[in-house]
Amino acid sequence: MKRIVVKIGSNVLTRKDGTLDITRMSAITDQVATLTKKGLELIVVSSGAVASGRSEINPGKDLDDVSSRQLFSAVGQVKLINRYYDLFRCHGLVCGQVLTTKDSLSRPGQYENQQHCIEVMLSNGVVPIINENDTISLTELMFTDNDELSGTMARMMKADMLLILSNINGLYSGDPTEAGSSLIPLVEVGESGTDLSECISATKSSAGRGGMKTKCGVALQLASEGIPVVIANGKIENVLLDIIDGKSDVPCTRFVKKDKR
């Protein structure tokens, strides 16, 4: 395994009041740095810009959803990437920012340009920090959430694995808050697909746009293409290191292509 896309959700990076959880952000950065120094190529898809901006500025008047999202993301992305820069610099590493849109990734020329940019960053030891450009990505031009973006990145960069960090351990057999629901450790995806509708709640996270439905949709699609996906809890200590090391006791859900044999 050489190249891994790590998606970090808003609920992993922010506290309940919307401010950045610097302790958690630092812990994840430490793990990314450790793996990078071992020779792995990590591409980080990070949410948190809108949540960061929301905690930083108090608009003087009521704003509609589009205006508030543009304002908070513009302010919050600066705060977010500067924090990443400082944290990686402590490890002697450099990170770089790539802001993208669903529209630009649908255009062949721009798709190849972004692909080349990330390849150049990786070949020069720079950790790419990817996020959707929420200042211009609006309504139908938006990704469903960064889960979808991370899937696109994993496919575009021919990753060996996509690791989605959320605020729950993975996919459960029912509502995770209800007694009797159990964590599903492995989902094998066959050629005809896998129906997980009975397991997936339509509830979305409080800080981000995503939910388990989108995560599983991305995971099923990538796994069917041969790219394994792991959904895990980003608040668990050393979760990245333990999963990459192959430890069997890490609570998570792994999506893999079913062995034809």
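Strand β7 (residues 229-233) pairs with β8 in the antiparallel sense over 4 bridges, and Ala232 has Cys252 of β8 as its bridge partner. Two strands count as paired if DSSP finds at least two bridges between them. Helices (H or I, at least four residues) and strands (E, at least two) are DSSP runs, numbered from the N terminus. The model is predicted: local features need pLDDT of at least 70, side-chain atom pairs count only at pLDDT 80 or more, and totals for chains, interfaces and linings use all residues. Residues are numbered from 1 along each chain as its sequence is written, and side-chain values use heavy atoms, with hydrogens and water left out.

| Pair | Sense | Bridges |
|---|---|---|
| β7 (residues 229-233) and β8 | antiparallel | 4 bridges |
| β6 and β8 (residues 252-257) | parallel | 4 bridges |
| β1 (residues 3-8) and β5 (residues 161-166) | parallel | 5 bridges |

Lys7 has Ile164 in β5 as its bridge partner.

These pairs belong to an open sheet of 8 strands with mixed pairing, in the order β3-β4-β2-β1-β5-β7-β8-β6. Its edges are β3 (94-100) and β6 (186-189); each has a single partner strand, so one side of each is left without a neighbour in the sheet. On average, neighbouring strands of the sheet are turned by 20 degrees against each other, direction ignored. Helix α6 (residues 108-123) packs on the sheet and touches β1, β2 (41-46), β3 and β4 (126-132), and its direction makes about 150 degrees with that of β4. Such angles run from 0 to 180 degrees between N-to-C directions, with axes fitted to C-alpha atoms, for helices over the stretch in contact.

In total the chain has 9 helices and 8 strands. Of its 261 residues, 51% count as buried, meaning under 20% relative accessible area with a 1.4 Å probe, protein chains only. Residues 24 or more positions apart account for 75% of the contacts in the chain with a separation of 6 or more, where contact means heavy atoms within 4.5 Å.

The structure holds 1 cavity of 30 Å³ or more. A cavity is a set of points on a 1 Å grid over the protein atoms alone where a 1.4 Å probe fits but cannot get out; lining residues have an atom within 4 Å of a point. Its volume is the space filled by probe spheres set on the points, which are joined across faces, edges and corners. The lining consists of Ile8, Ile28, Thr29, Val32, Val44, Tyr84, Phe88 and Ile129. Helix α2 gives the most to this lining, with 3 residues.

Key
1 Å grid on protein atoms, 1.4 Å probe; cavity = no way out; pocket = protein on both sides within 12 Å on 5 of 7 lines; lining within 4 Å. Buried < 20%, exposed > 50% of the residue type's maximum accessible area, 1.4 Å probe, protein only.
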